[in-house]
Amino acid sequence: MLTETEPRAAAYVNLYAVLGAIPELCRRVPEARALLARDLRPVSIAFVVRGGPRGVLAFRDGEVQMVPDRATGTVVMPFTGPAAFNKVVDGTAQPIPVSGFHRLGFLTGVFAPLTELLARYLKPTEDDLVDERFREASTALTLHVATAAVAQLANEDRQGRFSAHLIPDGDVALEVTGAFAYTLRVLEHRMTFLPEASPHPRAAMTFADLDVAGRLLSGQASAMACICDGTIAMRGTVSMVDNVNRILDRVGQYLGE
């Protein structure tokens with residue numbers, strides 16, 4: 001098994017899975033919505049990575065949307081390559097916008113606090129997890145990021161592409177009973193993440209509850225043990241779930257878990 005990460009694949013994960021979770025953060029967490037309320041004027045932030053991904057976070061009327069494969073926005077942040085972008089997401093470097101200087105107040109007063117809040121929910125302390133509502137939102141956001149990262153690694157990571165090549169066309173559903181469902185849609189061995197339930201999944205992996213999902217994602221439980229005790233169920237074309245799990249194993253290496 002490969003254990004090294006690829007900077008270009010990491011950039012796709014950081015843009016579309018990590019920063020791409022900001023809309024979900026704002027939907028789930030009141031504190032995030034309060035940050036958005038500081039400035040409701042429309043603004044879009046374009047991330048343009050040379051030799052890597054590009055996309056736009058669009059803010060309007062208290063809502064956020066990730067627009068993939070777009071390079072123009074109110075504020076444009078170019079990066080010389082994937083490694084430079086990854087350092088910014090890791091917090092070891094500062095981004096330098098080349099336009100939209102009149103909206104720097106939004107970057108420092110709204111966007112930066114949102115990213116800090118997201119980081120807290122994705123890497124909570126033990127004290128954070130004492131609060132049941134925080135724990136539920138943290139697990140939901142972590143599963144959102146992990147599922148979105150699976151799609152990026154299936155398309156961009158060498159080992160991920162190998163596993164994706166073995167997956168036939170169709171939807172793989174990742175579900176938490178009574179809570180939510182996400183979809184990984186496969187077409188010609190390329191994968192797309194949809195933050196919604198699939199109408200007709202060809203395969204599915206269902207967690208009994210958020211606690212089970214949280215223990216699995218944090219490494220406190222193994223998928224095989226959960227399948228054996230019935231807290232994770234699989235249905236449909238099991239080989240699809242098996243190969244998704246192989247890619248999911250790579251996700252932790254990219255997210256530093």
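How many bridges pair strand β5 (residues 170-176) with strand β6 (residues 180-187), and in which sense? The two strands pair in the antiparallel sense over seven bridges. The structure shown is a predicted model, in which local features need pLDDT of at least 70 and side-chain atom pairs count only at pLDDT 80 or more, while totals for chains, interfaces and linings use all residues. Residues are numbered from 1 along each chain as its sequence is written, and side-chain values use heavy atoms, with hydrogens and water left out.

**Figure 1. The five-stranded sheet is open and has the order β7-β6-β5-β8-β9.** Its pairing is mixed; two strands pair if DSSP finds at least two bridges between them. Helices (H or I, at least four residues) and strands (E, at least two) are DSSP runs, numbered from the N terminus. From one strand to the next, the twist averages 15 degrees. Helix α6 lies across β5, β6, β7 and β8 (203-207), and runs at about 160 degrees to β7. Angles run from 0 to 180 degrees between N-to-C directions, and axes are lines fitted to C-alpha atoms, for helices over the stretch in contact.

**Figure 2. Helices α6 (residues 132-156) and α10 (residues 238-255) cross at roughly 105 degrees, with their axes coming within 9 Å.** The two helices are therefore roughly perpendicular to each other, a term that covers angles of 65 to 115 degrees. On α6, the contact (heavy atoms within 4.5 Å) is made by Val 145, Ala 146, Ala 149, Val 150, Leu 153 and Ala 154. The α10 side contributes Val 244, Ile 247, Leu 248, Arg 250, Val 251, Tyr 254 and Leu 255. By class, the contact has 12 nonpolar, no polar and one charged residues. In this classification, Ala, Val, Leu, Ile, Met, Phe, Trp, Tyr, Cys and Pro count as nonpolar, Asp, Glu, Lys and Arg as charged, and the others, Gly among them, as polar.

**Figure 3. The largest nonpolar core has 82 residues.** Such a core is a set of buried Ala, Val, Leu, Ile, Met, Phe, Trp, Tyr and Cys residues joined through side-chain atoms within 4.5 Å; buried means under 20% relative accessible area (1.4 Å probe, protein chains only). Phe 47, Phe 59, Leu 114 and Met 191 touch the most other members. The largest share of the core, 13 residues, comes from α6. Not counting residues up to four places away in sequence, the residues that Phe 47 touches include Leu 15, Leu 19, Met 77, Phe 79, Phe 85 and Phe 111.

**Figure 4. The four-stranded sheet is open, with the order β3-β2-β1-β4 and mixed pairing.** Strands β3 and β4 are the edge strands, each pairing on one side only. Neighbouring strands are turned by 15 degrees against each other on average, direction ignored. Strands β2 and β3 run antiparallel and are joined by six bridges, and Gly 55 stands opposite Pro 68 in β3. Helix α1 (residues 7-18) packs on the sheet and touches β1 (43-49), β2 and β3. The direction of α1 makes about 20 degrees with that of β2.

**Figure 5. Asp 61 has a positive phi, near 55 degrees, in a residue other than glycine.** Asp 61 is found in the loop between β2 (54-60) and β3 (63-68). Its relative accessibility is 61%, so Asp 61 counts as exposed, the term for values over 50%. Asp 69, likewise not a glycine, has a positive phi of about 55 degrees. Asp 69 lies in the loop between β3 and β4 (75-79), and counts as exposed because its relative accessibility is 59%.

Conventions:
Angles under 35 degrees count as roughly parallel, over 145 as roughly antiparallel, 65 to 115 as roughly perpendicular and the rest as oblique.
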